[in-house]
Amino acid sequence: MVAATAGVAGAIGVVGAAAGAGFVTLLKRQAAHARDVIGKPLGEEAIDADKVYKKTFGGTPVELLVLGDSIAAGLGAETRGGTLGARLAKGTAKALQRPVRLRTAAVVGAETSMVPAQLESLPDGYRPDVAVVIVGGNDVTHRVPQKDSIRVLGEVIDALRERGAEVVVGTCPDVGAVRPLPQPLRSLGRRIAKQLADGQREIALAKGAHVVSLSDVVGPFFITNPDEMFAIDHFHPSAMGYKRTAKAMLPSVLAALGQVHQVPFGHHLPELPPEAEEPPDPDTNTGRVGSS
């Protein structure tokens, strides 16, 4: 899910100081061991899955943008169709009966502070209908202050909405689901990740974004079925892991596009009303989703 580094151990500096030097040493050793076990069997580049999906539906494609880290980029998927972005594109296309053009700006290893650069890499005239942002795991492992991560996420959401996009944020995943992380490092990582996810949810909703709490909607699958849900590094999602994650996120993507108005457990509607008040007409084959 995230880049495994000794930063997980470093994130508990205050707690460790209170517990004693021995506890800190234990956590550092556990983090180093986890790094060795996980390694980088998947490399550092995700499959390029960008294209128009379901062209046979005809009409102007819905523009789907994916930003964030390795999960957003789809590292661990064996085919382009197995990436998170591709699965979201296909699911959205089927629901709207419209083609969907996927553009992935997510970068493997990205922290929240790097997402603005992903935005800057987009063409000036590019205007996505909906943008999906998944980030936070690397902020946990690299000891990024949560207030900084949350602030930058808010700025990213503002920038996306200025481009006319509706935004869906997938909050920081449950780091505690990663089996190569031993205890007590795993429990500590889970707690820190949950704190960040809570902060992400709060700022995203306040900024008018839809939110999917990944630890709630897919976390249990990774805990109960790790061999199926994780890739060969036991850290990033497998093809099945991405399939589950995309299926779980799809309701909020469709809600952001005005296609549905009720979302299941683990999904949160924005505090600010979306710009598109009316659901899109699935029979309309031209123009942007939700536009008149």
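## Salt bridges and a covered strand

The side chains of Asp 158 and Lys 207 meet in a salt bridge, with N to O at 2.9 Å. Asp 158 belongs to helix H8 (residues 146–162) and Lys 207 to the loop between helix H9 (185–206) and strand E6 (210–212), so this pair ties together parts that are 49 residues apart in sequence. Keep in mind that this is a predicted model. The count of salt bridges comes to eight, and here are three of them.

| Pair | N to O distance |
|---|---|
| Asp 158 and Lys 207 | 2.9 Å |
| Asp 174 and Arg 190 | 2.9 Å |
| Asp 198 and Lys 194 | 3.1 Å |

Asp 174 sits in the loop between E5 and H9 while Arg 190 is in helix H9, so that pair links parts 16 residues apart in sequence. Asp 174 is buried at 10% relative accessible area, whereas Arg 190 is partly exposed at 33%. Within helix H9, Asp 198 and Lys 194 are four residues apart, about one helical turn. Both also belong to a salt-bridge network with Arg 201.

Now for strand E4 (residues 130–134): five of its five residues are buried. Val 130, Val 132 and Ile 134 point one way, and Ala 131 and Val 133 the other. E4 runs parallel to strand E2 (residues 62–68), joined by five bridges, and Gly 68 stands opposite Ile 134. Five bridges also join E4 to strand E5 (residues 166–170), again in parallel, with Val 132 opposite Val 168.

As for confidence, the chain's mean pLDDT is 81, and 73% of residues reach 70 or more.

Key
Residues numbered from 1 in each chain as written. Predicted model: local features only at pLDDT ≥ 70, side-chain atom pairs only at ≥ 80, totals over all residues. Heavy atoms only, no water. Buried < 20%, exposed > 50% of the residue type's maximum accessible area, 1.4 Å probe, protein only. Helix = DSSP H or I, 4+ residues; strand = E, 2+ residues; numbered from the N terminus. Pairing = 2+ DSSP bridges. pLDDT = per-residue confidence, 0-100. Salt bridge = Lys/Arg side-chain N within 4 Å of Asp/Glu carboxyl O.
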